[in-house]
Amino acid sequence: MFAGLPLFPTSLVGSYAQPEWLIDRKKLAGRFPPRVRARELWRVAPEFLDEAQDDATLLAIRDQERAGLDVITDGEMRRESYSNRFATALEGVDIDNPGTALDRSGHPNPVPRVVGKVKRRHAVEARDVRFLRANTDRTIKITVPGPFTMSQQAQNDFYESDEELAVDYAAAVNEEIRDLFAAGADIVQIDEPYMQARPEKARQYGLKALARALDGIEGETALHICFGYAAIIHERPSGYSFLPELADTAVKAVSIETAQSNLDCSVLAKLAGKTIILGVLDLSTHEVETPEIVAGRIRRALPHVAPEKLMIAPDCGLKYLPRAVAFGKMKAMAEGAAIVRAEQGGSS
């Protein structure tokens with residue numbers, strides 16, 4: 001996964017802070033991440049929105065480059081949430097008459113209502129990858145919502161079981177991943193936060209859905225599993241309810257958070273053979289970490305993960321942070337990684 005990259009390469013999990021001129025950040029922060037479309041969040045008229053989102057993506061790319069990140073994302077500037085842009089583009093889903101499902105905090109939330117067989121109509125994020133590839137010469141990563149998480153963020157009015165629904169979501173994700181690599185992605189990350197939130201169901205059929213999503217995929221893949229956005233989910237358990245189960249999956253890297261939860265990093269030894277994308281930025285606070293604090297969080301993992309198997313990232317997406325804070329944390333992350341890289345004798 002790290003071909004051509006320095007020791008302890010740095011990357012965002014996916015999202016970066018969207019500009020206030022693009023999206024109403026107060027409205028965004030005042031609700032749970034949307035599962036159906038939330039066009040009312042955008043400040044730009046529909047006829048100018050694509051161009052505005054492209055411009056915001058360029059800002060996100062340049063900020064990542066200026067901060068010194070090694071792997072660049074599009075910042076998810078075009079998304080109202082990490083999952084709804086893809087989930088609402090699929091066939092078999094009624095987004096005009098939404099259903100209801102409980103979010104991970106137990107609150108009801110409007111969600112896509114599944115009324116037919118879930119299929120992918122067309123590539124959803126391929127243009128995002130092409131735009132990203134055209135505007136940076138660094139390694140690039142794109143994220144796609146995971147099939148298990150999407151199955152938990154929907155009202156199933158068609159399938160006999162949620163397992164069947166998850167497997168069809170997985171088939172759509174598999175098709176999308178193939179197109180994302182074809183469009184130029186170096187790394188494709190699947191976001192599966194609900195594997196942590198609902199571990200029993202994840203064991204029952206989430207792993208099966210993940211295997212279907214990765215079937216025949218040869219590119220570099222990652223999976224993000226977390227406790228939820230710190231701005232929304234405030235309490236953190238001391239450990240993951242679902243993590244060692246990923247050791248035998250086909251995914252090549254696992255993205256986890258360790259900063260806010262002060263995670264006991266010994267659990268990482270149970271993912272031997274996987275690359276660990278190590279979350280080292282606490283997103284529950286607007287205080288910008290010093291590079292030395294970041295370095296200390298990286299060092300905590302070294303007894304349990306080989307240095308060449310570590311990528312450095314925030315705990316989760318930076319979407320809900322003020323832009324200045326997001327940039328400061330990102331820069332501190334890159335500088336902290338450089339400290340430990342020098343200690344390990346790695347090249348910059």
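Predicted model: local features only at pLDDT ≥ 70, side-chain atom pairs only at ≥ 80, totals over all residues.
1. Residues are numbered from 1 along each chain as its sequence is written. Local features need pLDDT of at least 70 and side-chain atom pairs count only at pLDDT 80 or more, while totals for chains, interfaces and linings use all residues; side-chain values use heavy atoms, without hydrogens and water.

2. The largest nonpolar core has 101 residues. A nonpolar core is a set of buried Ala, Val, Leu, Ile, Met, Phe, Trp, Tyr and Cys residues joined through side-chain atoms within 4.5 Å, where buried means under 20% relative accessible area with a 1.4 Å probe, protein chains only. Y16, Y169, I225, L243, L246, I256 and L268 touch the most other members. Helix α6 (residues 162-182) gives the most to this core, nine residues; helices are DSSP runs of H or I, at least four residues, numbered from the N terminus. Another core of ten residues lies apart from it, with A222 and M311 among them.

3. Beyond four places in sequence, L246 is in contact (heavy atoms within 4.5 Å) with M195, L207, L210, L223, I225, V254, L271 and K274.

4. Which helix gives the most to the lining of the second largest cavity? Helix α2 (residues 46-67) does, with four residues.

5. A search of the whole structure finds zero disulfides (pairs of cysteine sulfur atoms within 2.5 Å). C265 counts as buried because its relative accessibility is 3%, and C316 counts as buried at 7%.

Technical notes
Buried < 20%, exposed > 50% of the residue type's maximum accessible area, 1.4 Å probe, protein only. Helix = DSSP H or I, 4+ residues; strand = E, 2+ residues; numbered from the N terminus.
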